[in-house]
Amino acid sequence: MSPDDSALRLVSAGNPAEAGDHADTGDHAERFRWFAPGTHITIRGLTKTFGDTVLYEDFDLDLPRGKVVSIFGPNGCGKSTLINMISGIMDYDAGTILFDGKTARETKIGYVFQNYREAGFPWLRAIDNIRYPLKFLRLTKAEQDARIEKLLASFNVSIDLNRYPYELSGGQQQLVSIMRALVIDPEVLFLDEPFSALDYEMTLFLRDKLQAVLTEMQVTSLLVSHDLDEAVELADEVLLLTRKPTSVAARIPFDAPRPRNAETTVTPEFIDVKTRSLEIFQREVRKP
Amino acid sequence: MSPDDSALRLVSAGNPAEAGDHADTGDHAERFRWFAPGTHITIRGLTKTFGDTVLYEDFDLDLPRGKVVSIFGPNGCGKSTLINMISGIMDYDAGTILFDGKTARETKIGYVFQNYREAGFPWLRAIDNIRYPLKFLRLTKAEQDARIEKLLASFNVSIDLNRYPYELSGGQQQLVSIMRALVIDPEVLFLDEPFSALDYEMTLFLRDKLQAVLTEMQVTSLLVSHDLDEAVELADEVLLLTRKPTSVAARIPFDAPRPRNAETTVTPEFIDVKTRSLEIFQREVRKP
Amino acid sequence: ADKVKIGVFVASSALPYYVAAERGYFEEVDLEVEPVFIGTHPLIVQAMVSGDIDAVSNLVSLEGANINALRPDTMQFIALYGQNSEYVMEQFVVKPDSTATSIADLKGANLFSAPGPANLGAAKASLLASGLGEDEFRIQEQGMGNHIGAMQSGNFDGGYTLEALASIMVDLGIAKRLETGVIAKYLMKDETAEAYAAGAAVSGKLIADRPDVAKRFAAAWAKAVKDANDDPSARSLLAEMKVPENLTETVPLAHFSMVSDLSEAELGEFQSFVDIGVDLGVVAEKIDVADITEAM
Amino acid sequence: MIQKLRDRLPAMGWLQPVLGALALVAVWAFVNLVEMVDPVLLPSPKQSWAAFVEGMTEGTLGHDFLRTIIRTMSAFAVATVIAVPMGVALGSSSRLYRSVEFLIDFFRSTPASAMFPLFLVFFGIGEEAKIAVAAFGAALIILFNTAYGVMNARQLRQLAAQVMGASRARILWDVTVWESLPQTFIGLRSGVSMALVIVIVAEMFIGSTDGLGKRIIDAQMIFNMPDMYASIFAAGALGYLMNLLFTLLETRFVHWGGK
Amino acid sequence: MIQKLRDRLPAMGWLQPVLGALALVAVWAFVNLVEMVDPVLLPSPKQSWAAFVEGMTEGTLGHDFLRTIIRTMSAFAVATVIAVPMGVALGSSSRLYRSVEFLIDFFRSTPASAMFPLFLVFFGIGEEAKIAVAAFGAALIILFNTAYGVMNARQLRQLAAQVMGASRARILWDVTVWESLPQTFIGLRSGVSMALVIVIVAEMFIGSTDGLGKRIIDAQMIFNMPDMYASIFAAGALGYLMNLLFTLLETRFVHWGGK
Ligand SMILES: Nc1ncnc2c1ncn2[C@@H]1O[C@H](COP(=O)(O)OP(=O)(O)OP(=O)(O)O)[C@@H](O)[C@H]1O
Ligand SMILES: Nc1ncnc2c1ncn2[C@@H]1O[C@H](COP(=O)(O)OP(=O)(O)OP(=O)(O)O)[C@@H](O)[C@H]1O
Ligand SMILES: [Mg+2]
Ligand SMILES: [Mg+2]
């Protein structure tokens, strides 16, 4: 499906009653104008509270199709919560999330959880954990095997994938978690601090790998990372969030040609984006 | 206790029978010579296998008193396992761990687990999680409160510590975990990727904080980090480990004056240590 | 052969069934009788109501009267088993070293009773009739399985129990009989009268639907009843009825009679027994014995 | 319209627990109405309810009810006090548990009614025997659940406490007990139902002058089915209420469940 | 010396389960020896063992044993097949569970022996009623445990499966069932013991021509204490063995427990 023929469809989740109310009241109606071609995920009027703390209030966001957006924001600002709401596993109080013609459930989503340790299935061996999401793709056994083969070959991992997750080290578990997210060739990929436990070498390798995959396959991606170099290097756009109640502090595009590598990080453009991001981030964090 | 009057005492854990055997056979006996003053933790002949994979075999290591040693090694090489064995919460097959006059249990240990998410007690509020280890220090209620006060003041955290751990974000949980390790003024501190989930600002803040505390209090520390800059910046010595079966690839001292900061990272000495570390690490990782 | 399902409560009062089965009296009349062993009285009544059984070898007669009072014509007794001090069944036992000679001496005693409102009521009424006051004794139901333990453990001075348990206690030397046939003596006021506490019954449905089968069943039963009363060799079968082997020769048995053999006077005795049941609250309302017996 | 109903649904939360009871009564009424079962054997809900109300207001049902509650509570209290600490202790060492497992599984699989004679021997014929045998049965199931809660508890937090310097006893108390709390609550709920069941059976078969069990067996003996079902209903409702209490306690104390 | 003993200790692992049994027999023998209890009420272990052996070799104990096993297994199989899926389904929605909770807690708290009349009405007086009532009792406890296992299961893995595109049913089957497995096993073990207990009670009171329950009540009636205790012992041991089977299955299948 090309970005242009995308049907406009409202998809609401969360408390259906309230979400419906919002969409109908006309209060926000003008926001649901036709939005720029190339937008994949649209969020409008999102509101989420925990008890009496307001995390998001009337939050709007567009995520472009086939691009990598890096989210950079302070701890506890709601990055994981945002991803959870977009991917449809967390309810929200009000608002609409539009998935460009499809619901979250109809979309092939890859999600590397921040809490990678608990997201694996301990009753399955690592390899079966990776294979698991293929079940839902209507592939033949042979096709499944081929996918796995290809993935393993391209990762060339040294882990014994016949072990159970609880027999793996933290980093190995995270790697398995990443492979599980990638094996389905997702349309949308959520990466919540995906390299936090990986070693130096593996992190570099995966950054390259991911860039290659994401640009080749045009996967709409959302990356959370606290490593600014990493965030910028991988991003088509850096999204800076404020402290809660969370809003978008700035969106800084970064168009350096791909593949990017260590050399990219010394270009003036990179340094500019990084410096601006840092300034905004620190300004936001230090706000009283 | 000053490093010099430290009594030499054998402390063996793991399978008592086998460990005992080892110490007695005379086979390793000459190794248990008096060791250099200033050594705090001594590991001799450590052997650890999981099923039929050998992780450590006949592994020796000395950790100096009051210094920060950064461990740098590939995923799954056994860093967490090593710390667990030293801190006495994991059995080992053979070998001896000497804690310079005391057992692990008699030592005030602070440990920030790699798996910080599960190490907190969900039935206690964050503040009570931090307060918990004080129970074991024979302090009066007032003294305990004073400690907590001091800690909170010096961290100046913006988290609501009256929340339960499962209501906190990943980074906030890790911060609580770090505070819990520090509140007791530990003699020995184990930090297993302690900043992996913290945001940019908080990471920088904690690096400084930690340096200040550790050098002031002369805490023997072991830091695992996959961020080489961080590892070197904080270290008195960088310990490089090989892939499994794990051995020490190199130990590189780093004596730059403290406090170290962003400026340190551009000194030739820093760059030299970093470069050498990286070379050795990559050589080891890429070994077939 | 016609099939008949018979509910059997495993106790010495089921002897006629065992005799008939053992000696082939059912085959003689071309019946195929299948026993259904049921361990609690109320469930026997229930099985009769629900049609699971067509007959019962030993039904407590007050329960039979009760169900017919609640649901007329559920069953009809074809035989009644009488008990008194000659045909011993219910009785008071006391510790072997007790000095009591009649239940009137049980002043201040702590007693147990066989379970159920009928048993407890009869025991209480007997004690009261013997001249004891309401608060001069204490009595408490105990499951039959607990009687020996209750006696042995010393918690009780004595109790109201049934055969063959009483014989076992006496045999073990942990109790002696104090007075037997107390229902006849104290409640019916006639020591020689028989308290027809149990009997064999057929369901009203069997009589209505297959009168001929019911008739043949009664005929076979009559033969068995005769043997059970008169033929000592039948006693060897008692071993199957929770009677220890060493007591089969001596354990007292009820007096088995077919309803058709009972005289007007004897039926009158039965009526007064049922009336006692009404007084005890065990039988829901007054009922004529003619409505619960069938002479066949 | 539908919108409004939806808005109200959460507010009707209190209705949910009642649904089950309503369904039961409905099925019962139906079975009775079409005379699937002889009405002498299964009276109508209305008759039973009348018997219940009469028993409560004019009769002795209230008294019997109270006696059974007291016995059950005593038995359950004894069982909890003994079994929870024992379960924690045994569960903390799976070797230890393995050595007593035979006894626990053995007695869990033996009917209380078969144990009556033995308990009568040790506790006499009075109230104590009934409470003791019920406490025994409840204690076994509480012990079993608590011990498994402790054995299945995750290791990491206990190790964390150990590193912080907690003694074995402290770890048990500060961490393991908490970790096993959801399982312990299941044990307590199983235990309270078990205590009630055994108390009723004991009232039925070990001599007793009052209590719901005695009432049930008496009603059964004289074929007073409305009264029997009224008593059974009272027993079941009592069991539900006691369970409800623990559900409320659990949601209050085990707030982190599933997280 | 001590060294050698230590080396051997793990090898003596098989002794552990036996310890409990040995302790039980030792206490029993002691109580008997000092005549704490009249030997008429409590025979010696030796007498009971003799009765057991004789019953097994010459008598009908073996037959009764077998009959009870068959009944228990049938009841348990029926209970498992019904209760495990139902428990998973009910547990997957706590709203749903709340609406049937009344029924579950109600019947869990009602003695099987009080339920006999009702079951006889529906299942007749034969074998079916015994199996049905035991299956009912066992199913309740299995259902209860399974549902709570599902309700207390951690969320994250289920959410992970949802993101991967698993349908509700798939999540239930692929994740929730596994998450709740440790609790389900506890339920199965409680259930198998419960089935055995109810089968024995049914054999005692519904009347039966064979089975351990019938044997126990007969022995009790004619005061054949050695035989009674031999039968009780057989029942308890049977319960232990069935539990053991599940323990073995559990260690085989739930390898990740506590991790
Ligand atoms: N169950 C809950 N109850 C109350 N507050 C919650 C709950 N879950 C999350 N929060 C709060 O929501 C905020 C956002 O959490 P979230 O995990 O999304 O942060 P994050 O941006 O991912 O942070 P990090 O970088 O540390 O991972 C936090 O401040 C947290 O305290
Ligand atoms: N229970 C277990 N069974 C089998 N193997 C295990 C078990 N636990 C750990 N291992 C193995 O031991 C090795 C070391 O694990 P460890 O967690 O110490 O690694 P690590 O150096 O901390 O790695 P990371 O940087 O990813 O945290 C890994 O290769 C892992 O597969
Ligand atoms: Mg997060
Ligand atoms: Mg690690």
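## The shell around ligand 2

Helix 6 (170–182) of chain A and helix 2 (79–86) of chain B each supply at least two residues of the shell around ligand 2; helices here are DSSP runs of H or I with at least four residues, strands are runs of E with at least two, and both are numbered from the N terminus. This is a predicted model, in which local features need pLDDT of at least 70, side-chain atom pairs count only at pLDDT 80 or more, and totals for chains, interfaces and linings use all residues. Residues are numbered from 1 along each chain as its sequence is written, chains are lettered from A and ligands numbered from 1 in the order written, and side-chain values use heavy atoms, without hydrogens or water.

Ligand 2 lies between chains A and B. Among the 19 residues around ligand 2, the nearest are A:Ser169, A:Gly171, B:Lys79, B:Thr81 and B:Lys244 (near means a heavy atom within 4 Å).

## Polar contacts

Oxygen atoms of ligand 2 lie 2.6 Å from a polar side-chain atom of A:Ser169, 3.3 Å from a side-chain N or O atom of A:Gln172 and 2.8 Å from a backbone N or O atom of B:Gly76. Taken alone, ligand 2 exposes 650 Å², and the protein buries 89% of that (Shrake-Rupley areas, 1.4 Å probe).

Chain A has 9 helices and 9 strands.

Notes: A polar contact is a pair of N or O atoms within 3.5 Å; within protein, one must be able to donate a hydrogen and the other to accept it, and residues adjacent in sequence count only if both atoms are side-chain atoms.
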